[in-house]
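I opened this entry to record what I looked up about the strands and helices of one model. The structure comes first, and my notes follow.

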Amino acid sequence: MKKVRIGIVGVGKIAVEWAHIPQYNQVENCEITAICDIDEKKLREVGDMLGIPENRRFVDYKELIACEDVDAVDIATWNSVHCEIAMEAVRAGKTFSIEKPVGMNYKEVKELYDFANEKNVESFVCLSWRYRQYPRYLRYLVKNGKLGKLYHVYIRCIKDSGLWEGRKREWRFDRSRAGSGVLCDLGSHMIDTVRFLGEEFKEVSANWGIFITERPSEETGEIVPVDTDDWSNINGVLESGASCTIQLSRCATTIPDLIQFELYGEKGKLLYTYLAGEQSLEFVDAKDKKSEMLTPPDEFAAIQSKSFVDLVDGIEDEYTAKLYHGLECQAVIDAARISCEERRIVTIDEIKNV
Ligand SMILES: NC(=O)c1ccc[n+]([C@@H]2O[C@H](COP(=O)([O-])OP(=O)(O)OC[C@H]3O[C@@H](n4cnc5c(N)ncnc54)[C@H](O)[C@@H]3O)[C@@H](O)[C@H]2O)c1
């Protein structure tokens, strides 16, 4: 079997511990042949862990992308360099995967999108909720009319990760590398899930704030300011006329990780809850108010990295998250960010017409 040879740029948490490498390890027809990181200590540790030869460990992403043993590029750095690395992959004609949010703003993502289309290079975005079993099943139910006409989408994604004792000013707390805080970090997934359910945003108004205004520098330990949002609330009107509210926080004192999608339609309510690893899905019938717990069938299970490897092999399906989806998501993030900054309602058309 010919294996897809993957080069990973950025061997941090998401690549090494949380998703990419653990998932590639479950996919038969791929292998990791090269890695890149500007942090030489991480490069050495991950290189040793994976058994990557010294001459396939790079500090400069351009060398990894040019490497003849790399068929496809997996970009898992912090946000500010996603697009420049992807542009280089397009120049080399290599399919790439890019973490969310795709970029720092709509303009740079649109330039990437146009360039990739012009050069006919395939691309994938790690909008991970599309590969989770419950949201896939939720989408199936919604698309197949379980709720009828949709009235309200209420989403909550709240965590305590901004309150971890002694947490340093990592890139997530630095606007020049992150773009924004929970708005683009957690917001990407939540906004994409709304689109994944078949809805499109028309306009948003949003607000945000910072509780932990300074943290120790990673390099010196000196106390330095934080300039990304700890919380953000997005109020959206969807093209269908449904209302959508998204609550995001990394300062939910007692909650490690809570995600809820509460959808109200003419036929009833669907409530999906993820709480620290436990999941449930409830349907309440609008007529008799009876509640029923639903379990997604096995066919809705998926592995994100497998979908990327499939895309490199020319296989995709209705769930595959491509650059187009990342671009649409970025438009909503930009609209919400501008709404926070200028304290006004912002339409998605305004973002796209800039
Ligand atoms: N899909 C998800 O559910 C999910 C979850 C967490 C993080 N993420 C995304 O993954 C990305 C990385 O997050 P993380 O938590 O792994 O961060 P991290 O800080 O643990 O890792 C990022 C790595 O990128 C490296 N890097 C930065 N610039 C580089 C460059 N120019 N060339 C090579 N390497 C470079 C850093 O040295 C670091 O090792 C972010 O875009 C984040 O939003 C996605």
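**Sheet and helix packing**

I found Gln260 opposite Thr273 of strand E14. I worked on a predicted model, in which local features need pLDDT of at least 70 and side-chain atom pairs count only at pLDDT 80 or more, while totals for chains, interfaces and linings use all residues. Residues are numbered from 1 along each chain as its sequence is written.

I then looked up the pairing of E13 (residues 257–265) with E14 (residues 268–275), which is antiparallel over 8 bridges. Strands are DSSP runs of E of at least two residues and helices are runs of H or I of at least four, numbered from the N terminus; two strands pair if DSSP finds at least two bridges between them.

I traced the whole open sheet as E16-E15-E14-E13-E7-E12-E11-E8-E17, 9 strands with mixed pairing.

**Helix H6 against helix H11**

I noted that the axes of H6 (residues 106–118) and H11 (residues 323–342) come within 9 Å and cross at roughly 165°. Axes are lines fitted to C-alpha atoms, for helices over the stretch in contact, with angles from 0 to 180 degrees between N-to-C directions. H6 is therefore roughly antiparallel to H11, a class for angles over 145 degrees.

I listed the contact residues (C-beta atoms, placed from the backbone, within 7 Å): among them are Tyr106 and Tyr113 of H6 and Leu323 and Asp334 of H11.

Methods: Parallel < 35°, antiparallel > 145°, perpendicular 65-115°, else oblique. Contact = placed C-beta atoms within 7 Å.
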